Amino acid sequence: MKITMLGTGNALVTECYNTCFVIEDNKEYFMVDGGGGNTVLSNLKSAGIDWMDIRHIFVTHKHIDHILGIIWMIRLITQNMGSGKYPGEAFIYGHSEVIELLTDMSVKLLQKKQWDFIGKRLHLIEVRDGEKKSIIGGEFTFFDIGSTKAKQYGFSMEYKGGKLTCCGDEPYNPICKQYVDGSDWLMHEAFCLYSEADMFKPYEKNHSTVKDACELASELGVKNVILYHTEDKNITDRKSKYVEEGQKYFSGNILVPDDLEVISL
């Protein structure tokens with residue numbers, strides 16, 4: 001089991017790509033979000049992942065830095081279905097607002113011969129709070145993170161040997177405790193260093209600092225924390241600075257991945 005980070009930055013980064021990633025298990029793929037454009041396609045190529053092998057996609061929420069890359073995936077999938085190059089089916093999961101928006105954008109932006117595959121071979125599947133699904137060999141539970149902005153879902157994945165939880169791109173909400181508890185791996189946003197909070201103002205944007213995320217990981221007994229959805233002004237030494245600050249508050253393993261970095265679970 002491994003995670004390939006296609007992007008690690010927040011909405012306005014230019015030195016890296018917006019946060020999105022792929023979970024892989026035995027050559028099966030589960031993609032989470034698509035970033036804000038077709039850079040997702042080049043990053044998949046650079047990561048050595050054939051987009052055609054991705055049959056399961058989850059979209060956390062409707063912000064443009066997460067959902068627009070999915071439209072490119074929908075276009076490629078349906079276009080190649082139409083030309084006979086894409087065998088079988090594909091599945092995109094999301095809460096009701098995400099599914100409604102993806103459907104609407106597909107109808108308005110794609111050719112009819114492309115969006116006509118939606119509901120036939122490309123399935124847009126609404127998931128509900130607390131719903132479980134078996135995907136790529138893992139047991140996924142999707143949950144509402146209690147966002148104060150756009151409605152957003154995260155997920156926990158129980159797999160052979162552990163549990164991975166993704167809290168979306170907002171600070172952990174205690175209503176999610178039942179899903180986060182017992183996680184071996186916690187994926188949590190860290191907009192910036194706590195020491196630079198006055199500069200980046202994460203709390204005004206409803207985001208966390210490295211300190212906040214690592215204190216949370218310690219409080220919840222998490223073994224490994226993956227920090228992402230960051231600013232990009234410290235991109236050259238982001239990893240070392242974030243780990244250095246995080247180690248003051250969390251004794252477990254801290255990962256601050258770069259774009260295209262692979263994490264073995």
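First, the ground rules. Because the model is predicted, local features need pLDDT of at least 70 and side-chain atom pairs count only at pLDDT 80 or more, while totals for chains, interfaces and linings use all residues. Residues are numbered from 1 along each chain as its sequence is written, and side-chain values use heavy atoms, with hydrogens and water left out.

I start with the largest nonpolar core. A nonpolar core is a set of buried Ala, Val, Leu, Ile, Met, Phe, Trp, Tyr and Cys residues joined through side-chain atoms within 4.5 Å; buried means under 20% relative accessible area, with a 1.4 Å probe and protein chains only. This core has 31 residues, and M31, L44, I54, I92 and L102 touch the most other members. Elements giving two or more residues to it include β2 (20–25), β3 (28–32), α2 (64–82) and β5 (90–94). Helices here are DSSP runs of H or I with at least four residues, strands are runs of E with at least two, and both are numbered from the N terminus. The most comes from α2, with 7 residues.

Take I92. Leaving aside residues up to four places away in sequence, its contacts (heavy atoms within 4.5 Å) include I57, I74, L102 and L124. Apart from this core lies another, of 27 residues, among them A190, A213, A217 and V222.

Next, β3. Of its 5 residues, 4 are buried, so β3 is largely enclosed by the rest of the structure. Strands pair if DSSP finds at least two bridges between them. β3 pairs with β2 in the antiparallel sense over 5 bridges, and E24 stands opposite Y29. The two strands form a hairpin with 2 residues between them, and N26 in the turn has a positive phi of about 50°. β3 and β4 run parallel, joined by 4 bridges, with V32 opposite F58.

A cavity is a set of points, on a 1 Å grid over the protein atoms alone, where a 1.4 Å probe fits but cannot get out; lining residues have an atom within 4 Å of a point. How many cavities of 30 Å³ or more does the structure hold? The count is 1.

Conventions. Buried means under 20% relative accessible area, exposed over 50%, partly exposed in between (1.4 Å probe, protein chains only). On a 1 Å grid over the protein atoms alone, a cavity is a set of points where a 1.4 Å probe fits but cannot get out, and a pocket is an open set with protein on both sides within 12 Å along at least five of seven lines; lining residues have an atom within 4 Å of a point. Grid points are joined across faces, edges and corners, and a volume is the space filled by probe spheres set on the points.
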